[in-house]
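Student: I am new to this structure and would like to understand the words used to describe it. Could we go through them one at a time?

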Amino acid sequence: MPAKVHTEKQSMSQSTSTPVLRTHNLAKTFALGFFRKKVHAVRDVSLEVKKGEIFGLLGPNGAGKTTTLKVLMGLIKPTAGSAEVFGRPAGHIVAKAQLGYLPESPYFYDYLTSLEFLVLVGELCGLRRRESRLRAEKLLERVELSHAANLALRRYSKGMLQRVGLAQALINNPQLVVLDEPLTGLDPLGRKQLRELIAELRNEGKTVVLSSHILSDVEALADRVAILVKGRMVASGKLSELLDTRVINTEITISSPPEALVKALAAHDITPRLVGDVAHFTLEQESATDEVVDLIRTHGARLMALIPRKESLEDVVVRQAAVVDAQSESPNAQTPNAKTGGA
Amino acid sequence: MRKVWAITLNTFREAIRNKVLYSLLFFAVLVIVASRAFGALSVNEEVRLTVDLGLAGMSLFLVIIAIFIGVNLVYKELERKTVYTLLPKPIHRYQFVLGKFLGLTLTLFIQTLVMAFVLAAVLWSQGAEVSGPIVRLMVLIFFEVVVVTAIAVFFSSFSTPFLSGMFTIGIFLLGRSVPDIRAVAAKITQPLLSSLLEGVSAIVPNLRYYFVTGADIKGQHVSVNGTFVDWGYVGTAAGYASIYTALVLLFAMALFSRRDFI
């Protein structure tokens, strides 16, 4: 695969330091339940995250995102392959000292206040009590929870717990911040604040890895993404590389179309959907756009909107999921490599 | 060590706020009421009854609390997912288990102290005092509870609270019967069964060291007021408890270090 070699060389020249995160052919199989039924949570994931980038781990539910992250956090031991953090095996105490992790839908001690909890977490990171307390107070301010600092965590709402989770991930001023589904459970304002915070982290030179099944969240934030489907990495690279830049279709909205126009459109196999006196239709071929617009204008109808729709990350995931499905049905299933850029 | 201590204090704090200490109130009421009621039935034996009931009650309560909290100790962290937040911090997994165990031990130590004071208060109200042997027996009770705690934590590091509870209670009962098991093993002629019983009595902790009432130690029948339980005996028993606890904890740590947190 010459393309891959090329990008790897590029990344070598960009930074000679070890990648912040690296997995190589990572696989994890769980034996669950009484009959030790085998579940392949992660089959083959090789990825690399460089210093200072925001990396998105994408995929539908059950794709293996959380398992991959847990392996990297040292919570789960890989069945095959390797996982490294700051050049050390995942779970190594030196690696853990430089990272902060927000688990999926985090839950903490009911009977502690958020301040007490953060002080505890700070102490586990090796901070002295006094320093831990200072940082905890600052972080509570940063996630806008100062007012609830002395409230027991069992009284917190889900969104508030998510903020506490973020604060605890940052208590040791980590170089790498790993966030598992950080935007889930947040209200629109909370999501906006979190996006801003992630951007701030990037400006501070930190590396951020976040997973999500909500693609638009990652689309707006991540420099690079990896897409997991059924435990396999089906694509990775810059968003601009992964997304097909061609226009898929064009959505057109016009107001009060005369009868003659509707007939003329029908000749082009277009049947507009009428809502009141507004008509919507989708143009599948980009080349027909000019012609259709001319028709609309000559019939004296008003063009309200013309939206060319390009491939979104959502489309990529759906496309890749279909490929994986098709391959897993064939006996000699191999990792689909439709678009594996420099990981 | 600071990290272990942070977990210890946190475990202690959670236990206290979880209203575990209400059990102490229950204990106090029970000891006072029972000693009054039975005392009235047995002329001139009030003090002996209070001591017997008080010590038996202490032991029973502490063991129940140790098992009840112990089997939930690690499991709750998994169930509540708190372990996902704590273990990615720069700590070793064994530090986590050790901290949890020490936190529960600290909780039980404070409870032992409070129960001892309640018992002392009841005795004083009856015009008796807490003699040296009673203090020594209380120390023994505490060390037995430490062993039971370690066993509960051991099971809880890989099993569900229900199963852990069953296993721990089972080992506790076997441990209390070690001399009896050995006696039976000596009498049985069937060699396989005999060596099985020998094996069991060798593996489970001999908890009879810690609850001496009615036991035969060094060929002597012991009553609670027996003064022969000297500090040397308590020291040996404490040493045995410490070694047994350390071994069980090592196993618990090893198991906990190997497992996946899905």
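Tutor: Let us begin with a term: buried means under 20% relative accessible area, exposed means over 50%, and partly exposed lies in between, with a 1.4 Å probe and protein chains only. This is a predicted model, in which local features need pLDDT of at least 70 and side-chain atom pairs count only at pLDDT 80 or more, while totals for chains, interfaces and linings use all residues. Residues are numbered from 1 along each chain as its sequence is written, chains are lettered from A and ligands numbered from 1 in the order in which they are written, and side-chain values use heavy atoms, with hydrogens and water left out.

Student: What makes Arg22(A) and Glu48(A) a salt bridge?

Tutor: A salt bridge is a side-chain nitrogen of Lys or Arg within 4 Å of a carboxyl oxygen of Asp or Glu. The closest N and O atoms of Arg22(A) and Glu48(A) are 3.8 Å apart, so the pair meets that rule. Arg22(A) lies in strand β1 (residues 21-32) and Glu48(A) in strand β2 (residues 37-49) of chain A, so parts that are 26 residues apart in sequence are tied together; helices (H or I, at least four residues) and strands (E, at least two) are DSSP runs, numbered from the N terminus.

Student: What is the N to O distance between Glu181(A) and Lys65(A), and are these residues buried or exposed?

Tutor: Their side chains meet in a salt bridge at 3.9 Å, N to O. The pair links distant parts of the chain, 116 residues apart, with Lys65(A) in helix α2 (residues 65-72) of chain A. Both Glu181(A) and Lys65(A) are buried.

Student: How many salt bridges are there over all chains?

Tutor: By this rule the count comes to 18. In chain B, the side chains of Arg176(B) and Glu144(B) meet at 2.7 Å, N to O, and both residues are buried.

Student: Why are α1(B) and α5(B) called oblique to each other?

Tutor: Helix α1 (residues 2-17) and helix α5 (residues 93-125) of chain B pack at an angle of about 45°, with their axes 7 Å apart. Axes are lines fitted to C-alpha atoms, for helices over the stretch in contact (heavy atoms within 4.5 Å), and angles run from 0 to 180 degrees between N-to-C directions. Angles under 35 degrees count as roughly parallel, over 145 as roughly antiparallel, 65 to 115 as roughly perpendicular and the rest as oblique, and α1(B) and α5(B) are therefore oblique.
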